[in-house]
Amino acid sequence: MNEREWIRRLRTRAAGADHLVLGIGDDCAVLRPPAGTELLVTTDLFIEGTHFRRRSAPPRALGWRALARALSDVAAMGGTPLAYFVSIAVPEWAWGPWLKDFYKGMAESGSRTGAVLAGGDTTRARTLTADLIVLGHAPAGRALRRDGAKTGDAIYVSGELGVEAPGKRIRFEPRLALGRYLLENRLASACMDVSDGLAMDLSRLCEESGVAAALASPLPLAQGVAVERALTHGEDYELLFTVPSRQRVPATFNGVPLTRVGTIVAGKAGRVTLDAKPLAARGWDPFKV
Ligand SMILES: [Mg+2]
């Protein structure tokens with residue numbers, strides 16, 4: 001398979017989305033986001049040895065995961081995915097069936113959400129490195145941000161924390177429907193996805209909002225997971241959101257539990273406590289040696 005054949009292959013897959021005016025094959029993609037919306041843009045690196053190991057899962061599952069991670073950021077803003085772009089550097093071992101299956105996995109994960117592959121770049125390298133760019137849209141001025149939490153707001157998290165023990169649940173569902181529900185019903189004052197552990201991510205949300213947070217046990221832990229692990233475990237991809245006290249939040253959304261885990265309080269921006277004890281903002285940190 002040469003590059004032209006590869007592009008032809010990708011092109012047929014992307015055909016047929018109405019917000020995609022022009023997809024793969026020209027110098028640029030042309031997209032038409034719905035009237036009255038703003039564009040959301042997120043990029044996510046997926047690198048062999050850093051974000052995945054070659055033999056940890058089949059390429060189809062890894063492709064699914066690579067895109068789902070970026071889609072989770074669109075979910076965190078209450079957005080709707082529009083298109084994705086993949087720039088990928090491929091070592092020899094991956095050229096051929098592995099790569100086809102990796103793209104198949106991304107297409108499966110994307111097609112469930114309306115995201116189509118609209119472009120990208122392919123080259124060779126010694127380490128497999130993929131950069132996934134996802135575009136989404138949200139009603140103008142309404143995207144769920146991290147900086148809106150206010151003292152007295154309730155803190156919620158979706159699903160269970162610490163589920164992703166290594167090797168388990170490679171494929172996960174980005175919480176897109178929940179994000180949109182929070183946006184449409186004006187429930188959340190702030191929102192983000194939990195990608196680096198609740199302790200660190202909540203601290204980030206609080207820092208952006210200029211507030212502190214008081215968590216209270218019990219947290220919604222996955223079965224058999226210790227609190228410490230659930231707090232610092234990186235890859236939950238659940239939504240963490242704050243809700244003004246006058247709002248009511250259902251106990252579940254589409255079967256996913258929504259659990260109140262604490263309250264936004266006044267204090268040093270970014271400070272988080274659990275049962276009144278200070279919590280270190282620890283979690284996945286790529287710069288930690
Ligand atoms: Mg995120």
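**View 1. Helices H2 and H3 cross at roughly 45°.** In this predicted model, H2 spans residues 59-76 and H3 spans residues 97-111. Their axes come within 6 Å. The crossing of H2 past H3 is right-handed.

**View 2. Residues of H2 meet residues of H3.** On the H2 side, the contact takes in Pro59, Arg60, Ala61, Leu62, Gly63, Trp64, Ala66, Leu67 and Ala68. H3 answers with Trp98, Asp101, Phe102, Tyr103, Lys104, Gly105, Met106, Glu108, Ser109 and Gly110. Sorted by class, the residues of this contact are eleven nonpolar, four polar and four charged. Among the charged ones are Arg60 in H2 and Asp101 in H3.

**View 3. The chain is divided into two domains, domain 1 and domain 2.** Domain 1 covers residues 3-139. Domain 2 covers residues 154-278. Between their C-alpha centres lie 27 Å.

**View 4. Domain 1 and domain 2 are in contact.** Domain 1 brings 19 residues to this contact, and domain 2 brings 18. Which helix gives the largest share of the side of domain 1 that touches domain 2? Helix H2 does, with eleven residues. By class, that side of domain 1 holds ten nonpolar, six polar and three charged residues.

Notes: Residues are numbered from 1 along each chain as its sequence is written. This is a predicted model: local features need pLDDT of at least 70, side-chain atom pairs count only at pLDDT 80 or more; totals for chains, interfaces and linings use all residues. Domain bounds come from an automatic or database domain assignment. Two residues are in contact if their C-beta atoms, placed from the backbone, lie within 7 Å. Helices (H or I, at least four residues) and strands (E, at least two) are DSSP runs, numbered from the N terminus. Axes are lines fitted to C-alpha atoms, for helices over the stretch in contact, and angles run from 0 to 180 degrees between N-to-C directions. A crossing is left-handed if the near helix is turned anticlockwise from the far one by less than a right angle, and right-handed if clockwise.
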